[in-house]
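This report describes the fold, the charged contacts and the nonpolar surface of one protein model. The sequence and the structure are shown first.

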Amino acid sequence: MGHIALSTIASVYPTTGGAGFSVFILVTLAMGGAAAFATGRAIAATWRPRWHIGAYTLLLAAVARFLQFALFQQPLLSWPNFVVDGLILIGFALFGHRLTRARQMSEQYPWAFERAGIASWRTRDSATDASK
C-alpha cells in the first residue's frame, strides 16, 4: 500500500535521487507552506483582494523550485512540479487568509458579525442580541 502511494506521488511529482520526497516535504510543505500562510495573512491584514494570493504564491512556488534545484539538485524546469508546488502553496495562503479575515470581521465589526468557527463568521442577528 505504501509503495503504491509513493509510486503515484512519484508519477505526479518527478524527483531525482532517493531524497526527492523528503526535499518536497522540507522545501514545499514546511518552508513554502509557512511562507504562503504568512503571505495569506498579510494580504488579509492589509485588506487586499484575494486574487493577490495567486500572484504572490506563484512567485513563492518559483522560489521553492529554485531552492530545490540549487540545494538538492532537483529538476528546475518541471511544469508538473511547479503546478503541484503552486497549488499546495495557494492552499496554505488561502487558509491563512481565511483565518485572518474571520478574525478581522468579528473584531472590527462586532455589531455586525460574530465568529462561527475558526475560519468563518456570520451576520449577527439583531433580534436575538436585543433580547439578551
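A salt bridge is a side-chain nitrogen of Lys or Arg within 4 Å of a carboxyl oxygen of Asp or Glu. By this criterion the structure holds four salt bridges. The model is predicted: local features need pLDDT of at least 70, side-chain atom pairs count only at pLDDT 80 or more, and totals for chains, interfaces and linings use all residues. Residues are numbered from 1 along each chain as its sequence is written, and side-chain values use heavy atoms, with hydrogens and water left out.

**Overall fold.** Helices (H or I, at least four residues) and strands (E, at least two) are DSSP runs, numbered from the N terminus. Of the 132 residues, 28% count as buried; buried means under 20% relative accessible area, exposed over 50%, and partly exposed in between (1.4 Å probe, protein chains only).

| Pair | N to O distance |
|---|---|
| Glutamate 107 and arginine 103 | 3.4 Å |
| Glutamate 114 and arginine 122 | 2.9 Å |
| Glutamate 114 and arginine 124 | 3.5 Å |

Glu114, Arg122 and Arg124 are linked in a network. Glutamate 114 belongs to strand E1, while arginine 124 lies in the loop between E2 and helix H5 (126-130), 10 residues apart, and this pair links distant parts of the chain. Arginine 122 is partly exposed because its relative accessibility is 44%; arginine 124, at 26%, is partly exposed as well. Glutamate 107 and arginine 103 both lie in helix H4, four residues apart, about one turn of the helix. Glutamate 107 has 53% relative accessibility and therefore counts as exposed, whereas arginine 103, at 32%, is partly exposed.

**Helix packing.** The axes of H3 and helix H4 (residues 79-108) come within 8 Å and cross at roughly 130 degrees. H3 is therefore oblique to H4, since angles under 35 degrees count as roughly parallel, over 145 as roughly antiparallel, 65 to 115 as roughly perpendicular and the rest as oblique.

**Nonpolar patch.** Leu26, Met31, Leu71 and Phe72 form a nonpolar patch on the surface, with about 360 Å² of accessible area together. Such patches comprise residues with over 30% relative accessible area and no salt bridge, nonpolar side chains (Val, Leu, Ile, Met, Phe, Trp, Tyr) being joined within 5 Å. Helix H2 (20-45) and helix H3 (51-72) each supply at least two of the patch residues. Leucine 26, in helix H2, is partly exposed at 42% relative accessibility.

Definitions and conventions. Patches are made of residues with over 30% relative accessible area and no salt bridge: like charges are joined within 9 Å, nonpolar side chains (Val, Leu, Ile, Met, Phe, Trp, Tyr) within 5 Å. Accessible areas come from the Shrake-Rupley method with a 1.4 Å probe; for residues, only the protein chains shown count as cover. Axes are lines fitted to C-alpha atoms, for helices over the stretch in contact, and angles run from 0 to 180 degrees between N-to-C directions.
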